[in-house]
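Here is a short briefing on one protein model.

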Amino acid sequence: DIDVVVYHRANDFRPEDLAGREYRGSHLIRDPRDMVVSGYHYHLRTDEPWVHEPKDRYGGLSYQAFLQGIDEHDGLMAEIERCARSSLAEMAEWHYSRPGILELRYEDAVRDEVETFTGLFRFYGFNDAAVERGLTIVEHFSRRSGPHAGDADPHVRSGQPGEWRRSFGVDHIARFKELTGDLVVRLGYEEDPDW
């Protein structure tokens, strides 16, 4: 008997809730700086309800209206602030050496979907036929080669690793470091804090 549990927020996972049962899971991360850039562009156009709710901290505007009323430089600064309090804080708190959890990187999946997903499916114990079926599904939903490649999708703008290099200015980098410390070094995206 296998239970399948999906957590939207990784830090909601607590092994103690499994009452000692064995588990296998996967945890996906992305370069936090690219998450900021992607989030900024996504929040400019998403229909998610929370982004349309007026907030006092934005002068009574919704987050989306706030972003749409400022330039990209300031919008990226706002997204750095927002991400540092939420998703990047969660990335910093996650325990990356949990037994039973396969750690994955978005960048690896973009570089080689077949290798990444084959490893994931094998980790979950799929047999050869199930791996092949899984890879067929991956290809079907692939933004690169599947039938939806090139379709307009409000969730996808670029998605290419390293996009932050074209978007961040010196002050973005300084603020990001101030709020996240050595996060990108600890996650292996940089070798030293002077990136």
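The points below are grouped by topic.

This is a predicted model: local features need pLDDT of at least 70, side-chain atom pairs count only at pLDDT 80 or more, and totals for chains, interfaces and linings use all residues. Residues are numbered from 1 along each chain as its sequence is written, and side-chain values use heavy atoms, with hydrogens and water left out.

**D31**
- D31 sits in the loop between β1 (25–29) and α1 (32–43).
- D31 is buried, at 5% relative accessible area (buried means under 20%, with a 1.4 Å probe and protein chains only).
- Its side chain makes a polar contact with the side chain of R33, at 2.7 Å.
- D31 also touches E107, W164, V184 and Y189, leaving out residues up to four places away in sequence (contact means heavy atoms within 4.5 Å).

**Helices α3 and α9**
- Residues 72–85 form α3 and residues 170–180 form α9.
- In α3, H73, L76, M77, I80, E81 and A84 meet D171, H172, R175, F176, L179 and T180 of α9.
- These contact residues divide into six nonpolar, three polar and three charged.

**Nonpolar cores**
- The largest nonpolar core has 24 residues (buried Ala, Val, Leu, Ile, Met, Phe, Trp, Tyr and Cys joined through side-chain atoms within 4.5 Å).
- V36, L88, F168 and F176 have the most contacts inside this core.
- α3 gives the most to this core, with five residues.
- F168 is in contact with R33, V36, V37, I80, I173 and F176, setting aside neighbours within four places in sequence.
- A second, separate core of six residues includes L104, F121, V131 and V138.

Technical notes: Helices (H or I, at least four residues) and strands (E, at least two) are DSSP runs, numbered from the N terminus. Buried means under 20% relative accessible area, exposed over 50%, partly exposed in between (1.4 Å probe, protein chains only). A polar contact is a pair of N or O atoms within 3.5 Å; within protein, one must be able to donate a hydrogen and the other to accept it, and residues adjacent in sequence count only if both atoms are side-chain atoms. Axes are lines fitted to C-alpha atoms, for helices over the stretch in contact, and angles run from 0 to 180 degrees between N-to-C directions. Ala, Val, Leu, Ile, Met, Phe, Trp, Tyr, Cys and Pro count as nonpolar, Asp, Glu, Lys and Arg as charged, and the others, Gly among them, as polar.
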